[in-house]
Amino acid sequence: ALLISRILWVSMALTTTGSNKVIISVCTGPDCRVDGSSDCLRRLQKDIGRSSICKEKISVQARKCLGPCGDGPLVTVRDTNGQKVVIAEEQKPEWQPGSLVPADIFGDSTSGVYQVRTNEQANFVLNLAAQTAGLVVASKEEEEQYYDQQNGDKTFVSSQRQWFDRPRNERKVLQRLAQVLVVAGLLQYDEFHDGIGSTQWNIAIALFFSTNFMMKDNIVDMAMKKW
C-alpha cells in the first residue's frame, strides 16, 4: 500500500510536466456518487497533496460514469499515455459487493476498474499510481504499521443510498424482467383470445415504455421529495 503521509517519495524517472501525469479518475456518476465517491475523491486528493513530488507526477480527477455500476465508488488509473493500467484480478484487494447483480452483467468490463471503499483499497490505488509514475513506495513493515494505526481494512466512504434506491445494474435487470412479462402477457392473451386487438397492443406498448422509468436515476427518491 502507498503510505504517502509516512514515507519519503523518491523519483525513479525523469520529472514529468504538469500536462504529463498519471491520472487517477474517480467516478462521480449517479450510482458512485450515492455510494460515497465524494469521500473517495477527497481522500485520494488529500493523500496525493501531502507530497510535492506526488503532485508533480499524479493527478486525481473526477469523471463521469466508468461503466460497471453497483459496487462503487470506482476509479481507474491511467499512465502518461492515457492508457488504463490493468492488473490481474487476483492482485486486486477483495471487492466488496454492494449490489445483488454483478457489476459487469451488461458487458461493462471491470478490467482496470478498482473499487475504493476501504483503507486497503485506497492505498492499493495510490500505490498503483505511484508505481506507474516511477516512485518508490513503502516497505512491508511500514505498510503493516500503517494498517495497525488505521484499524486495518476500515471503510471510510459514506454511502447515502436508501433501501429503495437500487444500483443501476439492478434496475436494468428489473426493467428487462418487466419487459419480458409484458411480452409474455401478450402471447398469453393471443393464445386464449385468438388474436391481439388494438387496445391490447396500446396497453402493452404503454407498459413497455413505462419500464424505462426504472432507469431514471434516483427516481423514487426524487418522487418522495416532491410529494
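This briefing walks through the fold, the sheet, the cores, the cysteines and a few backbone details of the structure above.

The model is predicted, so local features need pLDDT of at least 70 and side-chain atom pairs count only at pLDDT 80 or more, while totals for chains, interfaces and linings use all residues. Residues are numbered from 1 along each chain as its sequence is written, and side-chain values use heavy atoms, with hydrogens and water left out. The protein chain comes to eight helices and four strands, where helices (H or I, at least four residues) and strands (E, at least two) are DSSP runs numbered from the N terminus.

**Overall layout**

- Along the sequence, the protein chain follows the pattern β-α-α-α-β-β-β-α-α-α-α-α.
- Of the 227 residues in the protein chain, 42% are buried; buried means under 20% relative accessible area, exposed over 50%, and partly exposed in between, with a 1.4 Å probe and protein chains only.
- Among contacts (heavy atoms within 4.5 Å) between residues at least 6 apart in sequence, 80% join residues at least 24 apart.

- Four strands form an open sheet with mixed pairing, in the order 2-1-3-4; two strands pair if DSSP finds at least two bridges between them.
- Strand 2 (58-63) and strand 4 (114-115) stand at the edges with a single partner strand each, so one side of each has no neighbour in the sheet.
- Strand 1 (residues 22-27) pairs with strand 2 in the parallel sense over six bridges, and isoleucine 24 has valine 60 in strand 2 as its bridge partner.
- Strand 1 also pairs with strand 3, here in the antiparallel sense over four bridges; serine 25 stands opposite threonine 76 in strand 3.
- Strand 3 and strand 4 run antiparallel and are joined by two bridges, with tyrosine 114 in strand 4 as the bridge partner of valine 75.
- Strand 3 is mostly covered, as four of its five residues are buried.

**Helices on the sheet**

The angles below run from 0 to 180 degrees between N-to-C directions, and the axes are lines fitted to C-alpha atoms, for helices over the stretch in contact.

- Strand 1 and strand 2 pair over six bridges, and helix 2 (residues 37-49) packs on the sheet, touching strand 1, strand 2 and strand 3 (74-78), with its direction at about 165° to that of strand 2.
- Helix 4 (residues 119-133) packs on the sheet too, touching strand 1, strand 2, strand 3 and strand 4, and its direction makes about 150° with that of strand 1.
- The 13 residues of helix 2 should span 18 Å at 1.5 Å a residue, and its end C-alpha atoms are 18 Å apart, which agrees; the expected span is 1.5 Å times one less than the number of residues.
- Buried residues in helix 2 include Ser37, Cys40, Leu41, Leu44 and Ile48.

**Nonpolar cores**

A nonpolar core is a set of buried Ala, Val, Leu, Ile, Met, Phe, Trp, Tyr and Cys residues joined through side-chain atoms within 4.5 Å.

- The largest core has 26 residues, and Ile24, Leu44, Ile58, Val75, Val77 and Val125 have the most contacts inside it.
- Strand 1, helix 2, strand 2, strand 3 and helix 4 each supply at least two residues of this core, and helix 4 gives the most, with eight residues.
- A second, separate core of five residues includes Cys27, Leu66, Leu74 and Val113.
- Leucine 44 touches Ile24, Val26, Val60, Val75, Ala122 and Leu126, not counting residues up to four places away in sequence.

**Cysteines**

- The structure holds zero disulfides, a disulfide being a pair of cysteine sulfur atoms within 2.5 Å.
- Cysteine 27 is in no disulfide, and the nearest cysteine sulfur, that of cysteine 32, is 3.6 Å away.
- Cysteine 27 counts as buried at 2% relative accessibility, and cysteine 54 counts as buried at 0%.

- Helix 6 (168-193) has 26 residues and reaches 37 Å from its first C-alpha to its last, close to the 38 Å expected at 1.5 Å a residue.
- The buried residues of helix 6 pack against helix 1 (30-34) and helix 7; among them are Ala178, Val182 and Leu186.
- Aspartate 194 lies in the loop between helix 6 and helix 7 (198-210) and is exposed, with a relative accessible area of 76%.
- Aspartate 194 has a positive phi of about 55° although it is not a glycine.
- The peptide bond from glycine 72 to proline 73 is cis, with omega near 0°, and proline 73 is found in the loop between strand 2 and strand 3.
- Most residues other than glycine have a negative phi, and most peptide bonds are trans.
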